[in-house]
Amino acid sequence: MKLTKCIFLVIIGAQLSFAAEISLNYRDAEIDQVLQFFSLASGKTIVKAPEVKGTVTIISQSKVSLEEGFEILKTILSLRGFTIIEEANLIKVVPRSEERR
């Protein structure tokens with residue numbers, strides 16, 4: 001019985017990591033909430049600098065691929081003065097001024 005539960009959880013995790021499409025509808029959502037969603041959907045670890053805070057609004061009438069979702073996230077963060085630095089399975093969200101450090 002326990003083995004079945006473990007296998008089920010692994011399968012669910014795999015589906016989240018390789019989901020073909022995601023829905024993005026956030027109104028005045030905390031950046032932390034949006035980053036948590038992207039971490040779950042991609043299976044990647046996301047860390048953010050303490051300065052990264054605030055709310056964002058993303059309204060999409062249709063589902064988008066995870067890759068398109070990350071492009072939308074990058075755009076939204078850029079509008080707020082932040083950027084994403086990707087390193088293997090780690091994504092850092094930092095103020096644009098720290099991008100080259």
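A residue is called partly exposed when its relative accessible area lies between the limits for buried, under 20%, and exposed, over 50%. Glu86, with a relative accessible area of 44%, is therefore partly exposed. The model described here is a predicted one.

**Salt bridges**

Four salt bridges are counted in the model.

| Pair | N to O separation |
|---|---|
| Asp32 and Lys48 | 3.4 Å |
| Lys74 and Glu86 | 3.1 Å |
| Glu87 and Lys92 | 3.4 Å |

Asp32 and Lys48 form a salt bridge that links distant parts of the chain, for Asp32 belongs to helix H2 (residues 31–42) and Lys48 to strand E2 (residues 45–48), 16 residues apart. Asp32 has a relative accessibility of 44% and so counts as partly exposed. Lys48, at 31%, is likewise placed in the partly exposed class.

The side chains of Lys74 and Glu86 also meet in a salt bridge. Because Lys74 lies in helix H3 (residues 66–79) and Glu86 in strand E4 (residues 82–87), this pair ties together parts that are 12 residues apart in sequence. Lys74 is partly exposed, at 28% relative accessibility.

Glu87 pairs with Lys92 in a salt bridge. Both residues are partly exposed: Glu87 has a relative accessible area of 38%, and Lys92 has one of 27%. Through salt bridges that share partners, Glu71, Lys74 and Glu86 are joined into one network.

**Helix H2**

Gly43 follows H2 and has a positive phi, near 80°.

In soluble globular proteins, nonpolar side chains tend to be buried together. The largest nonpolar core of this model has 26 residues, of which Val34, Phe38, Leu73 and Val93 touch the most other members. Two or more residues are given to this core by each of strand E1 (25–30), H2, strand E3 (55–59), H3, E4 and strand E5 (90–95).

Which residues does Leu73 contact when its neighbours within four places in sequence are left aside? They are Val34, Leu35, Phe38 and Ile84.

**Positive phi outside glycine**

Asp28 has a positive phi, near 50°, and lies in strand E1. With 59% relative accessibility, Asp28 counts as exposed. Ala88 has a positive phi near 55° and is located in the loop between E4 and E5. Ala88 is exposed as well, with a relative accessible area of 75%.

Note on methods:
Residues are numbered from 1 along each chain as its sequence is written. This is a predicted model: local features need pLDDT of at least 70, side-chain atom pairs count only at pLDDT 80 or more; totals for chains, interfaces and linings use all residues. Side-chain values use heavy atoms; hydrogens and water are left out. Helices (H or I, at least four residues) and strands (E, at least two) are DSSP runs, numbered from the N terminus. Buried means under 20% relative accessible area, exposed over 50%, partly exposed in between (1.4 Å probe, protein chains only). A nonpolar core is a set of buried Ala, Val, Leu, Ile, Met, Phe, Trp, Tyr and Cys residues joined through side-chain atoms within 4.5 Å. Contact means heavy atoms within 4.5 Å.
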